[in-house]
Amino acid sequence: MKKLMVAGALIVVSMGAAVAQDVQKGENSFKKCLVCHAIGPGAKNKIGPELNGLDGRKAGTVPDYNYSDANKNSGIVWDEKTFKEYIQDPKAKIPGTKMAFVGIKNEQEINDLWAYLKQFDAQGNVKK
């Protein structure tokens, strides 16, 4: 019985490791996004909108950014699941989006990137 319990615990721990999110690796991945997006204190819109407060934000609502109609009318509220679908292939998730990015296919990189993005509140501060 003890061996069964230990085996079960190891499976649970290994599953957690498989979906672990690494903020530092996410910050490194975000370098791909920096050409078009900003995040953190003082972030401003660039080619794409600033990404502060992305988690829970309705798509197409950053002030002073000229979104595509497709994005404004998508009905998306950003959360982990939606972001992970979108970042793999933005044009497939929102046909007609202006975001010209081929996407990220590596699941761990996507997990890490989400960990980095979700830590910022709407003012660009790291949530406590």
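**Figure 1. Lining of the largest pocket in the predicted model.** The largest pocket is lined by 28 residues, and those nearest its centre are H37, G48, P49, Y86 and M99. Here a pocket is, on a 1 Å grid over the protein atoms alone, an open set of points where a 1.4 Å probe fits, with protein on both sides within 12 Å along at least five of seven lines; lining residues have an atom within 4 Å of a point. The space in this pocket amounts to about 540 Å³, a volume being the space filled by probe spheres set on the points, which are joined across faces, edges and corners. By residue class, the lining holds 19 nonpolar, six polar and three charged residues. Ala, Val, Leu, Ile, Met, Phe, Trp, Tyr, Cys and Pro are counted as nonpolar, Asp, Glu, Lys and Arg as charged, and the others, including Gly, as polar. Helix 4 (residues 80-88) gives the most to this lining, with three residues. This is a predicted model, in which local features need pLDDT of at least 70 and side-chain atom pairs count only at pLDDT 80 or more, whereas totals for chains, interfaces and linings use all residues. Residues are numbered from 1 along each chain as its sequence is written, and side-chain values use heavy atoms, with hydrogens and water left out.

Figure 2. The protein has six helices and zero strands, and from the N terminus on its elements run α-α-α-α-α-α. Helices (H or I, at least four residues) and strands (E, at least two) are DSSP runs, numbered from the N terminus. Of the 128 residues, 38% count as buried. Buried means under 20% relative accessible area, exposed over 50%, and partly exposed in between (1.4 Å probe, protein chains only).

Figure 3. Helix 6 spans residues 107-118, has 12 residues and reaches 16 Å from its first C-alpha to its last, close to the 16 Å expected at 1.5 Å a residue. The expected span is 1.5 Å times one less than the number of residues. The helix is largely enclosed by the rest of the structure, because nine of its 12 residues are buried. These buried residues are E109, I110, N111, D112, L113, W114, A115, Y116 and L117. At the N-terminal end, N106 caps helix 6, with a side-chain oxygen 3.0 Å from the backbone nitrogen of Q108.

Figure 4. N111, a residue of helix 6, is buried at a relative accessible area of 3%. The side chains of N111 and K84 are joined by a polar contact of 2.4 Å. A polar contact is a pair of N or O atoms within 3.5 Å; within protein, one must be able to donate a hydrogen and the other to accept it, and residues adjacent in sequence count only if both atoms are side-chain atoms. S29 belongs to helix 2 (residues 23-29) and is buried, with 5% relative accessibility. Between the C-alpha atoms of S29 and D112, which are 83 residues apart along the chain, the separation is 7.8 Å.

**Figure 5. The two cysteines C33 and C36.** The count of disulfides is zero, a disulfide being a pair of cysteine sulfur atoms within 2.5 Å. The cysteine sulfur closest to that of C33 is in C36, at 8.5 Å, and this is too far for a bond. C33 is buried, with a relative accessible area of 12%, while C36 is partly exposed at 27%.

**Figure 6. Residues in the loop between helix 2 and helix 3.** E50 is found in this loop and is buried, at 13% relative accessibility. The C-alpha atoms of E50 and G40 are separated by 8.7 Å and lie 10 residues apart along the chain. L51 has its place in the loop between helix 2 and helix 3 and is buried, with a relative accessible area of 11%. From C-alpha to C-alpha, L51 and K118 are 9.3 Å apart in space and 67 residues apart in sequence. D64 lies in the loop between helix 2 and helix 3 (69-72) and is exposed, with a relative accessible area of 79%. Although D64 is not a glycine, its phi is positive, at about 65°.
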